[in-house]
Amino acid sequence: MSDRRAVALVLLSAAGFGSSAVFAKAAYASGVNPSTMLALRFVIAAALLLPLVWLGGWRLPRGRLLAGYMLMGLMYTAQSQGYFNALLYASSGLCGMLLYVYPVLVTILALALGWEKLDRRMLLLMALAIGGMAITLGGKLQGQPIGIALALMAAGVYAVYILFGNSLAKSKENIHPLAACVVILGTAGLANSAIAVYQGVSLPGTATGWLAVGVIALFSTAVAIAAFFAGVAQIGAAKASIISTFEPVITMAFGVTLLGEKVSGTQLLGGAMVLAAVILLAQRSAPKAEAKDEAMPAAQASA
């Protein structure tokens, strides 16, 4: 596979993850609630990826590793519940950008745990990211405070999810990332199904709603994950993670084009500052990331 094709696959993955918020808005308009939509999303996606794992001959994790990936599935449930409920109270573009604070939060947690050392460059990048977020939240936003809080909560949970997933991937057991993802998605499907039953199942009331849910499960989850892994195999996790920073840009573009959402100049400036910081932070950690190409994909799930 050529590098250009690998980059295209990672961009396809970013488009899949980034468009999920827009399709979720369409699903909500048909009467489906977030928990029911997420239950359908993860159950269908896990069912679609399982045959790939079987055909590839990749075994599923067992023992403590299985328990660890199931815990990641519960974390993914909390993250997705926060993010997709945030969409009820804020624009898709704002939610997508706030979620993408997670690389900065990962860096902060790594510093707190002593896994990274703070230097002048990192300090400046952190200040750039925080400043960008302050500018964004200080401007005119299409979102209520609860939506902003839920999106930031989702980013925080996802940061913990990433660090935990990378620690699991250091295991000596040779577990393929897609096999790990089947466990994560399957657990998330069961957890969200339980939440949906508790809250009350609310299925889409229109063909458009069912189509939106199907696109989220197929394109924004199964295809997005498979495309990301295929791209990583060629260009490495570090480069793929940098390319993936286009995800919130795609979310914002879809929101403006398909949903008629408005984006202020202040929001664009703040978002550009955050994305610049994220890209530079990813470039800084590239040598470590390349050494752990099998670790990063196992944790990749995004929105």
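Trainee: In which helix does Ser-35 lie?

Mentor: Helices here are DSSP runs (H or I, at least four residues), numbered from the N terminus. Ser-35 lies in helix α2, residues 34–56. This is a predicted model, where local features need pLDDT of at least 70 and side-chain atom pairs count only at pLDDT 80 or more, while totals for chains, interfaces and linings use all residues. Residues are numbered from 1 along each chain as its sequence is written, and side-chain values use heavy atoms, with hydrogens and water left out.

Trainee: Is Ser-35 buried or exposed?

Mentor: Buried means under 20% relative accessible area, exposed over 50%, and partly exposed in between (1.4 Å probe, protein chains only). Ser-35 has a relative accessible area of 1%, so Ser-35 is buried.

Trainee: With which side chain does the side chain of Ser-35 make a polar contact?

Mentor: A polar contact is a pair of N or O atoms within 3.5 Å; within protein, one must be able to donate a hydrogen and the other to accept it, and residues adjacent in sequence count only if both atoms are side-chain atoms. Here the partner is the side chain of Gln-199, at 2.8 Å.

Trainee: Which residues does Ser-35 touch, not counting residues up to four places away in sequence?

Mentor: Contact means heavy atoms within 4.5 Å. On that basis Ser-35 touches Gln-81, Asn-192, Ile-195, Ala-196 and Gln-199. Asn-192 and Ile-195 are also among the contacts of Thr-77, together with Ala-188 and Ala-191, leaving aside neighbours within four places in sequence. Thr-77 is found in helix α3, residues 63–86, and is buried, with a relative accessible area of 6%.

Trainee: At what angle do the axes of α4 and α7 cross?

Mentor: Axes are lines fitted to C-alpha atoms, for helices over the stretch in contact, and angles run from 0 to 180 degrees between N-to-C directions. The axes of α4 (residues 92–99) and α7 (residues 145–168) cross at roughly 35 degrees and come within 8 Å. From α4, Leu-94, Cys-95, Leu-98 and Leu-99 meet Ile-148, Ala-151, Leu-152, Ala-154 and Ala-155 of α7.

Trainee: How buried is Leu-98?

Mentor: Leu-98 counts as buried, at 0% relative accessibility. Leu-98 and Met-153 are 55 residues apart in sequence and 9.4 Å apart in space, C-alpha to C-alpha.

Trainee: How many disulfides does the structure hold?

Mentor: A disulfide is a covalent bond between the sulfur atoms of two cysteines. The test is a pair of cysteine sulfur atoms within 2.5 Å. The structure holds 0 disulfides. Cys-95 is buried at 1% relative accessibility, and Cys-181 is buried at 2%.

Note on methods:
Helices (H or I, at least four residues) and strands (E, at least two) are DSSP runs, numbered from the N terminus.
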